[in-house]
Amino acid sequence: MSAQPILLEVEGLAKGFTLHAQGGVRLAVLEGIDLRVAAGECLVLDAPSGSGKSTLLRALYGNYRSDRGRILIHHRGAKVDVAGAPPRLLLELRRETIGYVSQFLRVIPRVPTLDLVAEPLARRGFGAAEAYAKAASLLEALALPERLWPLAPATFSGGEQQRVNIARALIAEHPLLLLDEPTAALDDENRDRVLALLVERRDRGTAMVGIFHDAVARRKLATRLFPLPERTLAA
Amino acid sequence: MSALASPGYNFAYLDEQTKRMIRRAILKAVAVPGYQVPFAGREMPLPYGWGTGGIQVTASIIGPEDRLKVIDQGADDTTNAVSIRRFFAKTAGVATTTRTREATIIQTRHRIPETPLAAGQIMVLQVPVPEPLRWLEPRETETRRMHAEADYGSMYVKLYEDIARVGRITAAYDYPVMVNGRYLMRPSPIPRFDNPKLDRSPALKLFGAGREKRIFALPPHTPVKSLDFEDHPFTIERWAQRCQRCGSGESFLDEIVVDDRGTRRFVCSDTDHCETVLERRRGT
Amino acid sequence: MSEAPLLEVERLAKRYGERFACREVSFSLFPGEVLAVVGESGSGKTTLLNLIGGRLRPDAGAVRFRAADGGVLDLASLEEAALRRLVRREIGFVHQNPRDGLRLGVSAGANIGEPIMAAGARHYAAIRRAAASWLERVEIEVSRLDDLPAAFSGGMQQRLQIARALVTEPRLVLMDEPTGGLDVSVQARLLDLLRRLVDDLGIAVVLVTHDLGVARLLAHRLMVMQRGEVVESGLADQILDDPQHPYTQLLVSSVLAA
């Protein structure tokens with residue numbers, strides 16, 4: 001069997017924060033991180049709270065700016081370094097290649113759920129009918145009641161909002177998915193539905209990097225654990 | 001040619017340098033049809049609003065061999081027409097006439113004669129407000145820029161508003177026109193009825209605004225198109241009646257109340273035209 | 001999506017005597033991107049917008065715009081009349097105060113219809129239809145087509161201004177604090193509308209605002225200006241979640257949490 005293509009390569013990644021408002025104190029969070037993820041792998045970041053797991057995910061997504069190192073993503077047949085990518089390229093990467101499921105739904109107010117979920121496909125040029133159809137089938141798979149679809153998620157429960165979040169992140173079928181505690185706010189039943197979806201994606205070739213505290217999620221999804229060193233505060 | 005009735009005035013009242021200055025402005029105006037050329041208007045012996053612009057233009061081009069016709073609202077015998085004709089008789093001693101066909105220069109306020117003008121004739125029109133965009137834009141700097149850049153969308157806005165509010169374009173006179181496909185122009189307060197007469201007329205048409213100190217021109221054979229919309233095309237006035245004096249059914253009619261009971265008479269506004277048709281009828 | 005940028009600003013500067021209102025500003029903008037320029041009063045963001053929109057002439061630098069015919073023109077060196085013609089046809093401008101971008105004396109329909117009449121539209125019914133459809137698009141009742149702007153609320157006037165700015169489908173739209181001065185709920189509705197329109201029409205936008213919430217909601221990219229210079233730029237979420245420059249950190253931390 002031929003080896004699966006490497007979709008993500010991180011080399012010597014370092015990330016810290018300088019708090020200018022507090023006398024310029026520097027927090028070094030990540031240092032010398034190397035990792036590789038292939039298609040069909042789910043890499044679970046294994047480290048205690050506060051070790052920088054979220055920071056790493058955000059750096060991979062280009063949401064946090066790395067200080068040093070490279071983040072190479074397989075995109076449109078070539079390797080692109082997120083760390084130095086210009087805004088236009090990063091936007092393209094996010095549209096086509098890297099998906100991100102955050103812990104909390106960043107609520108874009110007043111937009112109906114179905115529209116929210118369909119939006120990433122509309123951005124990729126899909127027609128409205130097709131985008132809505134896919135959105136509907138995803139929401140069904142996540143057992144979000146149809147009566148909620150025309151409503152904006154602001155008044156939903158945490159679990160309902162999170163399922164909208166997940167649907168929105170999964171709809172574009174990115175080859176690489178970053179997951180930050182996607183099932184934390186869900187009850188067991190819904191958690192299992194989400195995991196089933198994610199496992200299916202993984203088996204179809206999606207590469208994943210995730211943070212899961214939930215043991216069940218780890219067991220079902222993880223193909224490999226990646227330990228992070230404990231964070232040290234720099235002087 | 002009659003002798004000068006009043007010595008002590010230069011020929012046609014204005015000094016020769018002024019006439020030259022105005023003729024230069026006229027030449028410029030003729031070179032750019034529809035474009036408003038500023039000129040240094042002089043004090044005239046009558047107030048603004050009474051045709052000082054038109055008079056200055058006529059004074060600058062008239063010569064001893066000319067034959068002048070002056071009309072106001074189409075008639076040779078209204079007060080203003082009579083006064084202006086007398087003015088030129090006094091200061092230039094030129095021959096005057098009421099016959100459109102015999103005139104070399106026709107000064108007019110508010111009408112264009114029914115008789116089509118010929119090559120070699122000059123019509124001088126009196127203009128109160130030369131700027132077609134003034135209703136919308138009070139700043140001279142802005143209107144000049146709009147003309148320079150042919151930025152005329154706002155004129156169509158006015159026509160749009162008319163149709164939206166009343167169902168048709170309401171301008172009854174001084175109806176805006178596009179000259180030579182380039183400049184937006186006000187044809188002076190002539191009725192819509194007269195606009196088509198301007199289009200490619202073989203005569204030279206000069207426009208003088210005394211208070212605003214602008215001269216503009218339509219050289220012979222210049223295309224002049226009244227603004228309209230494709231689905232609301234330009235139309236002229238029509239009457240159900242005919243002239244009760246000469247029977248003409250094609251001229252612009254004035255409605256005159258003749259007694260206390262409100263009896264109305266419709267007669268040609270153009271007195272010379274009415275006279276001509278009548279003579280033809282009588283076979284004279 | 002084509003690869004060539006719609007707008008390329010290079011080392012743009014504007015000076016008033018010894019003081020630089022804005023200097024060394026460079027960026028590229030592609031179709032469909034919303035770039036928010038944030039900063040406090042006096043930061044130079046409005047000057048920058050006016051330089052891009054041809055309302056001010058720069059003292060240095062270039063503003064290269066890819067026109068509809070494909071040709072690239074440097075607005076900074078274009079002759080006055082040509083510049084105004086280009087801007088009128090291809091660049092939309094939304095003012096903070098809607099009354100600066102509307103003709104208050106003519107109806108809503110005439111306001112929206114004017115740009116297309118200026119571009120040569122000559123069929124009354126078609127113009128009226130286009131105006132009505134845009135009115136609907138900005139969520140104003142079509143029955144108000146013949147009303148004067150004075151009869152509209154502030155939020156409606158702003159939506160009317162937006163319709164007038166977008167009716168000729170410019171590929172680049174400049175907005176100066178489009179939600180400033182409006183009530184909070186009215187602002188929210190307007191932001192939703194702008195978001196939808198930008199998405200639907202694929203226009204590129206340069207949006208000047210001092211409100212980071214507006215920037216987060218509408219913008220893909222952000223540029224932070226302080227005293228005439230760009231101190232930080234990048235993706236909107238990047239700058240707001242991981243501010244690097246001391247001034248940016250100050251700005252971000254100053255936003256009251258919802």
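Q: A residue is buried if 20 or more other C-beta atoms (placed from the backbone) lie within 10 Å of its own, exposed if 12 or fewer, and partly exposed in between. With that in hand, what makes both faces of β8(C) covered?
A: On one side sit C:Ala204, C:Val206 and C:Val208, on the other C:Val205, C:Leu207 and C:Thr209, and all of them are buried. Strand β8 of chain C covers residues 204-209, and six of its six residues are buried. The strand itself is a DSSP run (E, at least two residues; helices are H or I, at least four), numbered from the N terminus.

Q: What kind of model is this, and how are its parts labelled?
A: It's a predicted model, where local features need pLDDT of at least 70 and side-chain atom pairs count only at pLDDT 80 or more, while totals for chains, interfaces and linings use all residues. Residues are numbered from 1 along each chain as its sequence is written, and chains are lettered from A and ligands numbered from 1 in the order in which they are written.

Q: How confident is the predictor in chain C?
A: On pLDDT, the predictor's per-residue confidence from 0 to 100, chain C has a mean of 92, and 98% of its residues reach 70 or more. The model as a whole scores ipTM 0.87 and pTM 0.87.

Q: How do you know that β3 and β8 of chain C pair?
A: Pairing takes at least two DSSP bridges between two strands. Strand β3 (residues 34-38) and β8(C) have five, running parallel, with C:Val34 opposite C:Val205.

Q: And which way does β7 of chain C run against β8(C)?
A: Parallel again: β7 (residues 172-176) and β8(C) are joined by five bridges. C:Met175 has C:Leu207 as its bridge partner.

Q: Which elements make up the β-α-β unit that ends in β8(C), and what is its hand?
A: β7(C), helix α6 (residues 184-201) and β8(C) form the unit, and it's right-handed. That word applies if, with the strands pointing away from the viewer, the path from the first strand over the helix to the second runs clockwise.

Q: Why is C:Glu169 called partly exposed?
A: It has 14 C-beta neighbours inside 10 Å, so it counts as partly exposed. C:Glu169 sits in the loop between α5 (154-166) and β7 of chain C. Its C-alpha atom is 12 Å from that of C:Val87, 82 residues away along the chain.

Q: Why does the radius of gyration of chain C agree with a compact globule?
A: The rule is 2.2 Å times the number of residues to the power 0.38, with the radius taken over C-alpha atoms. For 258 residues a compact globule would come out near 18 Å; chain C has 18 Å, so it agrees. Of those residues, 49% count as buried. Chain C holds nine helices and ten strands.

Q: What about chain B by that rule?
A: With 284 residues, the globule value is near 19 Å and chain B has 19 Å, so that agrees too. Its C-alpha atoms fill a box of roughly 60 × 50 × 35 Å along the principal axes, and 43% of its residues count as buried. Chain B has seven helices and twelve strands.

Q: How do you know that chains A and B don't touch?
A: A contact needs C-beta atoms, placed from the backbone, within 7 Å. No contact joins chains A and B, and their closest C-alpha atoms lie 36 Å apart. Two pairs of chains are in contact, and chains B and C share the most contacts. The contact between A and C takes twelve residues from chain A and 16 residues from chain C.
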